[in-house]
Amino acid sequence: DKKNRYLGSVLTELKTRSARRTIDMDARLSLALVEHIERQREEMERARFYQRQDLVFATRNGLPHHPGNVLECFHEIATSCGMPDKTCACTYDCGTS
């Protein structure tokens, strides 16, 4: 059981096989993901201390992002896109905070 603690976050293996999901991606999203992974590899090579944990979205050191920082970024993006405040507030009720 792989567990890593980082500022209150715990990464664990999925509990059941049914917890795994396949996500359909169009070509544009697939290309964006490939480009992101290439940039991430470049960051790994430049980083002095990088903890590879096979995360798609990681900090510059390879660690998971703190949930509060992710939520803050979501709110900034949502606000800049003109989403109503009520939509952003929903994230608190949905257990993502």
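Visitor: Let's start with D54. Where in the chain is D54 found?
Guide: This is a predicted model, so the answer comes from the elements assigned to its coordinates. Helix α2 covers residues 67–80, and helix α1 covers residues 27–46. D54 is found in the loop between α1 and α2.

Visitor: Is D54 buried or exposed?
Guide: The relative accessible area of D54 is 63%. Exposed means over 50%, so with 63% D54 counts as exposed.

Visitor: What is the phi of D54 near?
Guide: Most residues other than glycine have a negative phi. D54 is a residue other than glycine, yet its phi is positive. The value is near 55 degrees.

Visitor: Which residue forms a salt bridge with D54?
Guide: A search of the whole structure finds one salt bridge. Its closest N and O atoms are 3.1 Å apart, which is inside the cut-off because a salt bridge needs a nitrogen within 4 Å of a carboxyl oxygen. Both partners are exposed. The partner of D54 is R52.

Visitor: Staying in that loop, is L63 buried or exposed?
Guide: L63 also has its place in the loop between α1 and α2. Its relative accessibility is 16%. Buried means under 20%, so at 16% L63 counts as buried.

Visitor: How many Å apart in space are L63 and Q53, C-alpha to C-alpha?
Guide: Along the sequence, L63 and Q53 are 10 residues apart. In space, their C-alpha atoms are separated by 7.2 Å.

Visitor: On to helix α1. Which residues does Q40 touch, not counting those up to four places away in sequence?
Guide: Q40 has its place in helix α1, residues 27–46. At 10% relative accessibility, Q40 counts as buried. Leaving out residues up to four places away in sequence, Q40 touches Y50, L55, V56, F57 and A58.

Visitor: Which residues form the negative surface patch?
Guide: One of the members is E38, which is found in helix α1. E38 is partly exposed, with a relative accessible area of 44%, so it passes the patch cut-off of over 30%. The negative patch is formed by E35, E38, E42, E43 and E45.

Visitor: And how much accessible area do I23, M25 and L29 have together?
Guide: These three form a nonpolar patch on the surface. L29 is found in helix α1 and is partly exposed, with a relative accessible area of 43%. Together, I23, M25 and L29 have an accessible area of about 310 Å².

Visitor: Stepping back, in what order do the elements of the protein chain run?
Guide: The protein chain has three helices and two strands. Reading from the N terminus on, the order is β-β-α-α-α.

Visitor: What percentage of the residues count as buried?
Guide: The protein chain has 97 residues. Q40 is one that counts as buried, and L63 is another. Over the whole chain, the buried share is 14%.

Visitor: What share of the accessible surface belongs to carbon and sulfur atoms?
Guide: The accessible surface of the protein chain comes to about 8,500 Å². Of that area, carbon and sulfur atoms account for 53%.

Visitor: Last one: of the contacts with a separation of 6 or more, what share comes from residues 24 or more positions apart?
Guide: The contacts concerned are those in the protein chain with a separation of 6 or more. Among these, residues 24 or more positions apart account for 21%.

Note on methods
Residues numbered from 1 in each chain as written. Predicted model: local features only at pLDDT ≥ 70, side-chain atom pairs only at ≥ 80, totals over all residues. Heavy atoms only, no water. Helix = DSSP H or I, 4+ residues; strand = E, 2+ residues; numbered from the N terminus. Buried < 20%, exposed > 50% of the residue type's maximum accessible area, 1.4 Å probe, protein only. Contact = heavy atoms within 4.5 Å. Areas by Shrake-Rupley, 256 points an atom, 1.4 Å probe, with all protein chains shown as cover. Patch = residues over 30% accessible without salt bridge, like charges linked within 9 Å, V, L, I, M, F, W, Y side chains within 5 Å. Salt bridge = Lys/Arg side-chain N within 4 Å of Asp/Glu carboxyl O. Lys, Arg positive; Asp, Glu negative; His and termini not counted. Charge placed at Lys NZ, Arg CZ, Asp CG, Glu CD.
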